[in-house]
Amino acid sequence: MADAIEANAQELIQLLVQEQGKPLEGATGEIYGTAAFFRYFTSLNLDVEIREDSESRRVEAHRKPLGVVGAILPWNFPLMLLGFKLPAALIAGNTVVVKPAPTTPLTTLRFGEIIKDIVPAGVVNIIADANDLGGPLTQHPDIRKVSFTGSTATGKKVMEGAASLLKRITLELGGNDAGIVLDDVDPKDVAPRLFQGAFFNSGQVCAALKRLYVHESIYDEVIDELSAIANETVVGNGLEQGTKLGPLQNKMQYDKVKEILDEARDKGTIAAGGEVPDQPGYFIRPTIVRDIEEGTRLVDEEQFGPVLPVIKFSEVSDVVQRANDSDYGLTGSVWSTDLERAYDIANQIDAGTVSVNTHAPLDPTIPFGGSKMSGIGSELGEEGLKEFTQLKIVTVARAGD
Ligand code: NAD
C-alpha cells in the first residue's frame, strides 16, 4: 500500500490540495508521510511475550486482533490521519471500516480505488456520508473498536455510543495548546518555528500552538518578529507555487474563526493580519492578536484557524498554572536557551506531548495522545499498535504446581 501511495503520489497530492485547501508543499508532505507511516507499522511485530517461564508455570502474553474496527476521521489531514490508524489496525490482524469527514472524502476514496487489488475484498472498506454515519458506525454491533479523531464534543458521543457494548475506543480530540517563551530567547531565532507551530495548515492542526505566552521583557520583539512573518506570508490557491497558506477547509469552520476573530478585535489588539479578503474561498490572513488575556474565546477555546493570541506573562509559576488551566491537554512547548530550566517547566505542563524549543514534532515511532479532554489512549508507536489488539494471557501450570 505504501508503494501504491507513492506510485500515485502526484494525483493524490493534487486531489488533496483541491479538497482540503492546503498548499502543494503541505499536501506533498502529507502523501509521502502517509506512505512512511504505513511502512513504519510493518517494522513492528506482536510476538507472544513470555512473562514467566518457571518450574511451576509458563505465562504468555498474546496480542489478538479485535475484529472489525471503525476508523472515523476529521478533515484537516484526511490521508495522514488514515496512516495513524489503518496500517496499525491491519498489522494487528483486524479489518477496517473507514469513514472520512463529509467535507474531505475524495482523497480517501481514491486511495481505496488504488489499493483495491492489493488487499483482499472486505479488509479495507471506505464509506462516505453526509455527517450522518459516524453514530450508526460507532453503535453497530459488529464493530468491536472505534478509533476516532475529531472534536471533543463528538468524541463524547463516540464514548456514549460505544458504552452499551463496551467497545474499545481510542479518542484523539481537540487541543488548546500553550507555548511558553522564556525571557532568554532570541526573538528572531524562535519566531519562524513558533509561526510554523501555530500557522501550519492555516492553524487547522489538533496539536497547533493555539495560545502563546511570552515573557514581558521580550513581548514586543516577539510580536514584531511574528508579525513580520505573517505579513509576508502568501495566502491563496494551494495549487499555485509559492502559496504558503490556503483557506479554511469549510464554511462552518470559517464562520467560527471569523466570530472568534471579531471578538478578539474588541478584546485585544490586531498586530498583523486580521483581514478576511472579499474573494471566493474561506480565506483569513494569518493574524497575530496581542494585549489579550484569558476570558476571551480566542484564548479559552480551540480556534482551529490562523489566528494566534500572544499573551504577556511575568512569573513562571503563574504562566504554568495558566497554561494548565484548560480542559484540554494535547501538547505544549517551552522555549528557552536554558535547556534545564525549560525541561523543568515542560515537565509541569499537563499534556500528552510536551517539547522544548520545538512544538509537537510528529514521528510515527513516537506515541501521540492527549490528557484530560484531549483524548483517551494513543496512536503511533508500539502503544498505538497495541490499541488495536486484545491482550490475552495464557498460563500453563507445570506438573507438581
Ligand atoms: P468532528 O468531531 O466534527 O468530526 C470528526 C468526524 O466525526 C467526522 O468524520 C464526522 O462525520 C464524524 N461524526 C460526526 N458525528 C458523529 C457521531 N455522532 N459519532 C461518530 N462520529 C461522528 O471534527 P472535525 O471538525 O472534522 O475536526 C476538527 C477537530 O478534530 C478539532 O477539534 C481537532 O483538534 C480535532 N483533531 C484531533 C486530532 C488528534 O490527533 N488529537 C487530530 C486532528 C484533528
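The ligand sits in the largest pocket of this predicted model. Its shell holds 29 residues, and Leu73, Asn131, Ser151, Thr154 and Glu302 come nearest. By type, the shell divides into 15 nonpolar, 10 polar and four charged residues. Three elements each supply at least two residues of this shell: helix 6 (134-139), strand 6 (143-149) and helix 7 (152-163).

| Residue | Protein atom | Distance to a ligand oxygen |
|---|---|---|
| Asn131 | side-chain N or O | 2.6 Å |
| Gly150 | polar backbone atom | 3.2 Å |
| Glu302 | polar side-chain atom | 2.6 Å |

How much of the ligand does the protein cover? On its own, the ligand has 860 Å² of accessible area, and the protein covers 89% of this.

Now for the cavities. A search of the whole structure finds two of 30 Å³ or more.

The largest cavity has a volume of about 90 Å³. Its lining counts 15 residues, with Arg211, Ala323, Tyr328, Thr331 and Asp350 nearest the centre. Strand 8 (177-181), helix 12 (316-324) and strand 13 (328-329) each give two or more residues to that lining. The lining divides into six nonpolar, five polar and four charged residues.

The second largest cavity has a volume of about 40 Å³. Among its lining residues are Phe199, Lys210, Phe304 and Leu308. Helix 8 (187-199), strand 9 (209-215) and strand 12 (307-313) each give two or more residues to this lining.

Terms used: Residues are numbered from 1 along each chain as its sequence is written. This is a predicted model: local features need pLDDT of at least 70, side-chain atom pairs count only at pLDDT 80 or more; totals for chains, interfaces and linings use all residues. Side-chain values use heavy atoms; hydrogens and water are left out. A residue is near a molecule or strand if one of its heavy atoms lies within 4 Å of it. A polar contact is a pair of N or O atoms within 3.5 Å; within protein, one must be able to donate a hydrogen and the other to accept it, and residues adjacent in sequence count only if both atoms are side-chain atoms. Accessible areas come from the Shrake-Rupley method with a 1.4 Å probe; for residues, only the protein chains shown count as cover. On a 1 Å grid over the protein atoms alone, a cavity is a set of points where a 1.4 Å probe fits but cannot get out, and a pocket is an open set with protein on both sides within 12 Å along at least five of seven lines; lining residues have an atom within 4 Å of a point. A molecule sits in a cavity or pocket if more than half of its atoms lie within 2 Å of its grid points. Helices (H or I, at least four residues) and strands (E, at least two) are DSSP runs, numbered from the N terminus. Ala, Val, Leu, Ile, Met, Phe, Trp, Tyr, Cys and Pro count as nonpolar, Asp, Glu, Lys and Arg as charged, and the others, Gly among them, as polar. Grid points are joined across faces, edges and corners, and a volume is the space filled by probe spheres set on the points.
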